[in-house]
Structures are given as structure tokens and as C-alpha cells.
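Keep the structure open while you read.

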Amino acid sequence: MRNDHITALLEENRFGALSLDDVSMIESHAADCSQCRKAYEASLIAGDLLKARVAETIEPSPFFKTRVMAALRERQREAEMPALARLWKAAGAIVSLMIVIVVILSALALFGSSPQPEIEAVDSPSSLNSLTAERVLFDDDSQVAGDNLTVSQVLETIFASEDADGSY
Amino acid sequence: MAAFSTGARLATEITHASELELVSRAREGDEAAFEEIVRRYSPRVFQIASRFFRNRSIVEEIAQEVFLKAFRELRSFEGRGSFEGWLSRIATNRCLNELRSAKRRPESPVADLTDEQVDWLDNHLSDISAARHQASVESAVAADLAEKVLGTLSPDDRLVLTLLDGEELSVKEIAAMTGWSESKVKVQAFRARRRMRKAVEELLKSRSQGERRKTKT
């Protein structure tokens, strides 16, 4: 049966720092109690693990002092910099990139667009009459019917207008 | 020649200056005085940081931040306690913050025990009632194992156990280093011991389960 007095002793004292009386009391109890024995063993191992861990120390390298002083000077320089310069240092890259993009877009707008070709008057059947292909096809107005166009005239008008704007 | 001797004299003066003199000169912007502070106290700051971190670059980074913060806050040092104590407090809090911001702790310490770690536990258990060998305690295997177990604890538990049971500092010293009350240190230590003991019990259980599996195969 687990003895709460023993586990409390283990938790109240530093790992591995029990008095001799406590140790002999725990050991005599632990001989017959596997739970307390496990807890006692675990606390001894925990103490040794902690000792092993704190025995590991990293020493400062010979360059550490130089490194700290360089970092300190850098921070002081930054602190002394005027606010605008600090802002530029922080956002300079983004602002520069934006300026470059604006210049490129302006250049493209100025020089990239080709002049509009002049539209020559085409002497085609579509220019001869006022009916465009769309009007012939979609306009329900009876005016079309009233013009008395033949089928061949209608088709000629459609193909002539397709040829003229070349969009099909 | 005269400049050289003046420089040498100043350097000697700084090397032998008291803690308060150095602080007061550093406050006035004397770089050499602050350089001497870094030289004098960096072993202590490294010692504190390496209790919690094993990677040299992390330890150096933390130590550098500690000195930069100390420089910024030199004016707040009133000279009532020792400068080393004041610096240790900055270092301890910096480590605690770093532990808190580190990624989530693993759920269990028992996964992935190496053969060397199992051997260390075996040897240690067989030797538990006899006088234990210091050499084996200080081995890198034990330190790896310790890191595994400590990694499962909360930053506060880890801090209090490392300083109180590992480094054997007093409750009062830890209270000064962390800014906690002495009763908080005691309560934290009591709970942390229970959690660490249970983590080691888990470790031992997994070791014996592993051994049983090995025997079966």
C-alpha cells in the first residue's frame, strides 16, 4: 500500500537530499511496498538527472564580448538615426519597388501603345446601303422587310461586313 | 608612447574597478566600462542560459540579449543588491520567456529511448542503494535523458527544479532571481518534484516494457 507520508517526504525535500533517518525509514518501508520503492527510485534518478544536466555548461566564446559590443553600437546607431531615416530603412525596399513599378507602367503607357490605324473607307456593299449585318439579323423592325432585300443581298451584306472588320 | 601608457593605465583602472564604478561609468556612456561588465559577467549569464538550453547559438543569442537589455536598463539598477544578482534576474527571466515561447512540449518523455539511455537507467537502478558514481551522473547520456524528462515539464517547473535541486540554490536566491515570492518557489518546487518523479516513473516503466519486448523477440 502506498504510504502518503513517504511520497510527501520525497516531494518536500530536494531530490536526493533526505536525512539519514528519512532514508532508512523509506528503505525499510520500500522493502515491502513496491509503489513506494518505485517512487523512491524515481526520485533518486530524478536527482541524478538534474545534477547531470546542470553539470553541462557552455562557456562564452572569445569573440562573445566583441559580438555584444558590435550589437550595442548597431543599436545605438539605430537609436540616433532621425525618424525619417529609420522609416526609410524599414520601408525603403517596398517604396523603391513601388516607384519602379510606377515608372515601368508609365513607360508602357507612353511608348508601348501603337498608333490607331486609320480606317479607310471601304467601298463595299455594306457601305452602299444603311443596313449592317446585325441590323439585318436582329432588328425586328419592319423597315428591313420594307426595303425588299433579296436573300442574296442580305448574305452579301453579312459577309462583306465580316470581311471589313475581320473579327470573325 | 604617452598615449599607449595612458591607454594601458585606463585599461588597468577598468579591470580593477568595482562593480558600482563600472556601472556608473557605463551609465555615462563609457564603452570600455560596459565591455568590462560583459567580460566579467558573461560566464555567469552563460551558466544560467545553458541550464535551460543546450544549443550554443541559442545560449549566445540569449546572453547577448541579456547584456543589451542590461545596458538599456542600467539606470534602473539602484545598487541595493549586487549587480551580478540583478543581471542574473534579467537572464533568468529571459530564459523563462524563451522556454515559454518555445514550441509545445512533447506529451511523453518515454518515446525513443536510446540503447545508451536504457543502459544508463539499468546501471543506475542496479546501483541505487550503493554509492553512485559521479562520473556516470555527469555523463552526456544522463544529460540527454534529463533533457528528455525536463522537456515534458512546464517552464516554471523546469526552472525551479533546475535551480533548487540541480544547482542547489536557496529558496531565497531563487525568489530574488525570478521575482517570485518564497512561498511560491516552495509550492512550485513541491509540485514540480511530483511531476518530475512521475515522469521518471513513466520512463522506468517504458524501459522495463521495452526490455520485456526485447526478451520476447
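The points below cover chain A, its contact with chain B, and selected salt bridges.

This is a predicted model. Chain A and chain B bury about 4700 Å² between them. The count between these two chains is 10 salt bridges. Chain A itself has nine helices and zero strands.

**Chain A overall**

- The elements of chain A run α-α-α-α-α-α-α-α-α from the N terminus on.
- Chain A has 168 residues, and 27% of them count as buried.
- The accessible surface of chain A comes to about 11600 Å². Carbon and sulfur atoms hold 61% of that surface.
- Take the contacts in chain A between residues at least 6 apart in sequence: 46% of them join residues at least 24 apart.

**A nonpolar patch on chain A**

- Six residues make a nonpolar surface patch of about 570 Å²: Leu97(A), Val100(A), Ile101(A), Ile104(A), Leu105(A) and Leu108(A).
- Leu105(A), one of these patch residues, is found in helix H5 of chain A, residues 83–112.
- Leu105(A) has a relative accessible area of 54%, so this residue counts as exposed. The cut-off for exposed is over 50%.

- Of the area buried between chain A and chain B, 63% is on carbon and sulfur atoms.
- In chain A, the residues that lose the most area to chain B are Glu11(A), Arg53(A) and Ile58(A). Together they account for 16% of what that side buries.
- Chain A gives 41 residues to the contact, and chain B gives 61 residues.
- Polar contacts across this interface link 24 residue pairs, with both residues at pLDDT 80 or more.
- On the side of chain A that touches chain B, the elements giving two or more residues are helix H1 (4–12), helix H3 (34–55) and helix H4 (64–80).
- The largest share of that side comes from H3(A), with 16 residues.

**Salt bridges between the chains**

- Over all chains, the count comes to 28 salt bridges.
- Glu65(B) and Arg75(A) form a salt bridge, with the closest N and O atoms 3.2 Å apart.
- Glu65(B) lies in helix H4 of chain B (residues 56–72) and Arg75(A) in helix H4 of chain A, so this pair joins two chains.
- Which partner is buried? Glu65(B) is buried, with a relative accessible area of 19%. Arg75(A) counts as partly exposed at 35% relative accessibility. The cut-off for buried is under 20%.
- Glu35(B) forms a salt bridge with Lys65(A). Here the closest N and O atoms are 3.9 Å apart.

**Salt bridges within chain B**

- Arg56(B) forms a salt bridge with Glu60(B), and the closest N and O atoms are 3.2 Å apart.
- Both Arg56(B) and Glu60(B) lie in helix H4 of chain B. They are four residues apart, about one turn of the helix.
- Arg56(B) counts as partly exposed at 37% relative accessibility, whereas Glu60(B) is buried at 11%.
- Arg94(B) and Glu98(B) meet through their side chains in a salt bridge, at 3.0 Å from N to O.
- Arg94(B) and Glu98(B) are separated by about one helical turn because they are four residues apart in helix H5 of chain B, residues 83–101.
- Arg94(B) counts as partly exposed at 26% relative accessibility. Glu98(B) also counts as partly exposed, at 25%.

**A salt-bridge network**

- Salt bridges that share partners join six residues into one network: Arg53(A), Glu56(A), Arg54(B), Asp144(B), Glu147(B) and Arg158(B).

- Arg193(B) is found in helix H11 of chain B, residues 182–216.
- Is Arg193(B) buried or exposed? Arg193(B) is buried, with a relative accessible area of 4%.
- The side chain of Arg193(B) reaches the backbone oxygen of Glu11(A) at 2.6 Å.
- Neighbours within four places in sequence aside, Arg193(B) is in contact with residues of chain A including Leu10(A), Glu11(A), Glu12(A), Asn13(A), Arg14(A) and Phe15(A).
- Arg193(B) is also in contact with Leu161(B), Leu164(B) and Asp165(B).

How values were computed
Residues numbered from 1 in each chain as written. Chains lettered and ligands numbered in written order. Predicted model: local features only at pLDDT ≥ 70, side-chain atom pairs only at ≥ 80, totals over all residues. Heavy atoms only, no water. Patch = residues over 30% accessible without salt bridge, like charges linked within 9 Å, V, L, I, M, F, W, Y side chains within 5 Å. Areas by Shrake-Rupley, 256 points an atom, 1.4 Å probe, with all protein chains shown as cover. Salt bridge = Lys/Arg side-chain N within 4 Å of Asp/Glu carboxyl O. Buried < 20%, exposed > 50% of the residue type's maximum accessible area, 1.4 Å probe, protein only. Contact = heavy atoms within 4.5 Å. Buried area = accessible area lost by both parts, 1.4 Å probe. Polar contact = N/O pair within 3.5 Å; in protein donor to acceptor, adjacent residues only side chain to side chain.
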